[in-house]
Amino acid sequence: MPDGGRARTRLRRLLDRAFPPPGGGHRHGRRPASLVYGLNDPVPTPNLLALATQHAMLAVTFLVYPILAATEAGLPPEQTSALLTACTLSIGIATILQCVRSRFGSGYLAVHIPAAGAIPLALQALTLGGLGLMAATTFTVGVAQLFVARLARPLRVLLPPEVCGVAVTMLGVSLAGPALRRALGMSSEAAGVLPAAFATSAATLSLIVAITVFAPRGLKLFAMVAGAGAGWVLAVLLGVDHAGAARALAEAPLMAWPHPTLPDLRIAPSLLPLMALLVLINLVDVLSVTVSLEKMNDADWRRADMRAAQRAVTACGIGNMLNGLTGGFQSGLSSSSVGLAFATQATARVIGITAGALIFAIAFFPKAIVALTLIPSPVIGGILLYTSAYLVVAGMDLIVSRRLSERRVFLVGLSVLAGLSVALLPLKGQIPLVLQPLFSTPLTVAACSALLLNVLFRIGIARETGEEVPAEAHAFPFARDFLERQGDLWGARRDVIAAAIPIVAQALELVSDSGLAEGPVELRARFDEAHLDVYLLYDGQIVQPPKERPSPEALLGDAQEVAAFTAYMLQRLSDHVHFGRSQGRARISLRFDH
């Protein structure tokens, strides 16, 4: 084992992590110095309006998703306008509810937008039963989200990052088909490519990518708006815009009361599997957005606030119930608004509340809604190509965030191939009618395959394992090899394993160097997707950590003082530590949130 000098050296390296600066603390969080407006800060009216308007404009651009579903389903202009009005109303109210700290909202600056993942469900519902059936499915999804909010923590076991990554990647693949048809001007599979449409979509996509890659950080967030505007102008010049667009815009009233579409009192059973899948995907999105916002508001962030995530899912459910009752489109949280908040260094919840009010107000201006329905098809194609590319890469990033064992390699590979089979082969017409909705898009097939393979490949993996620490073993290499080996097998996050290794090694040194153990030490670990638990079992004395912070000079004292200091530091470094006995043996239990 390493001697006392080496142990003290490693202790000093961990002091900064063990003792954050004064005023910190993980319970309430320390405000990052870079924030201009923090979560609870008041914002001067001119700055408030400017910041909220940016969030509202960014959210409104995502109405392109319900526009895509409506045009693909062949809805007449008046129904498309009603759909967009209802969607705008609902996401405005949901954004306000989300940003207000209550039982029904996360309290963070989280803006609601139409969900790209809902396009396949909306298309099928509109085809089977029009706006009424789509409204009923959206309302049902919202109700399901209210129940899922209470199960957010247990459901994490079914949704590891590799499963979520497959779903996000194949969502991008699913959008690629309609995106390319619009970008090339192909109204059907037999139609040829229209050069004017291709030029318009290429210009739209090129400008979006150019601004995203080369523009200053503050302008990147308006890449989609700039690209859509330039593409629209080019479409008018090339004659590929909507016929009669100017007349339709002129005939639309400036202001009017919305006319919601009530949901049907029926649900198509064939849509239920896809609805359940979207509920799970929404849970993944909410977790990623809320964690990002927590990190931005807490310089000492260490773990996800599952209560905030549960409240965020609840607000999403209420928002989709409103969408269903008014005939709107399924919505979710915007990751782009998180990027805007990061770029402006302004996360005050009052900004989100004001943005929600502005989005809500747009619903009372039909002229603005009609203008959105007149976006040329090639422009929509260019925007969707940008979105598709982003989703494919975002999904890959999720997949590789975990340590991939052989099981997870096959889970990802086979699921992606299953999804691509729908895009490459004419499978839908060769399966029973009741199963056809599951084979309608690469997303549904790949996500369902990933869920099933995840459950299957968990068979045979011990959730808890252990080894006896050899007397001649060095603590750090032994802890590293043990945890990395098990992390690969379990598919644990790399950062969690990396953070646990030095802490577990320090606990091993504590037991050996202080003379607490009277014989061999057993190192055990348990993983359940939400936590990594590590146990040290030995015959001997129980560690008694001090109740108050010891002086760093204790590192220069005798073995008992060093042991007390180490025990106190372990309490600070791990998410939870317990010193006690189990089955007659002394035990140190270390927990790391996953």
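These are my notebook entries on a predicted model of one protein chain.

**Entry 1: the whole chain**

I began with the overall counts, and I found 23 helices and seven strands in the protein chain. I then looked up burial and noted that buried residues make up 51% of the 594 residues. For the contacts with a separation of 6 or more, I recorded that residues 24 or more positions apart account for 79%. The surface came next: the protein chain exposes about 25700 Å², and I noted that carbon and sulfur atoms supply 64% of that area.

**Entry 2: strands β5, β6 and β7**

I turned to strand β7, residues 585–593, and asked which strands pair with it. Strand β5, residues 531–540, runs antiparallel to β7 and is joined to it by eight bridges; within this pairing I picked out L537, whose bridge partner in β7 is R587. Strand β6, residues 576–582, also pairs with β7 in the antiparallel sense, here over seven bridges, and I noted H578 standing opposite S589 of β7. I then followed the chain through the hairpin of β6 and β7, where two residues lie between the strands, and found that Q583 takes a positive phi near 55°.

**Entry 3: helix α4**

How many of the ten residues of helix α4 are buried? I counted seven for this helix, which spans residues 64–73, so it is largely enclosed by the rest of the structure. The buried residues I wrote down are V64, Y65, P66, I67, L68, A69 and A70. Just after α4, I came to G74, which takes a positive phi of about 75°.

**Entry 4: the side chain of R349**

I next looked up R349, which is found in helix α16, residues 349–362. Where is the nearest side chain of opposite charge? It belongs to D41, 9.0 Å away, and I therefore recorded no salt bridge for R349, given that such a bridge needs a side-chain nitrogen of Lys or Arg within 4 Å of a carboxyl oxygen of Asp or Glu.

Methods: Residues are numbered from 1 along each chain as its sequence is written. This is a predicted model: local features need pLDDT of at least 70, side-chain atom pairs count only at pLDDT 80 or more; totals for chains, interfaces and linings use all residues. Side-chain values use heavy atoms; hydrogens and water are left out. Helices (H or I, at least four residues) and strands (E, at least two) are DSSP runs, numbered from the N terminus. Buried means under 20% relative accessible area, exposed over 50%, partly exposed in between (1.4 Å probe, protein chains only). Contact means heavy atoms within 4.5 Å. Accessible areas come from the Shrake-Rupley method with a 1.4 Å probe; for residues, only the protein chains shown count as cover. Two strands pair if DSSP finds at least two bridges between them. Lys and Arg count as positive and Asp and Glu as negative; His and the chain ends are not counted.
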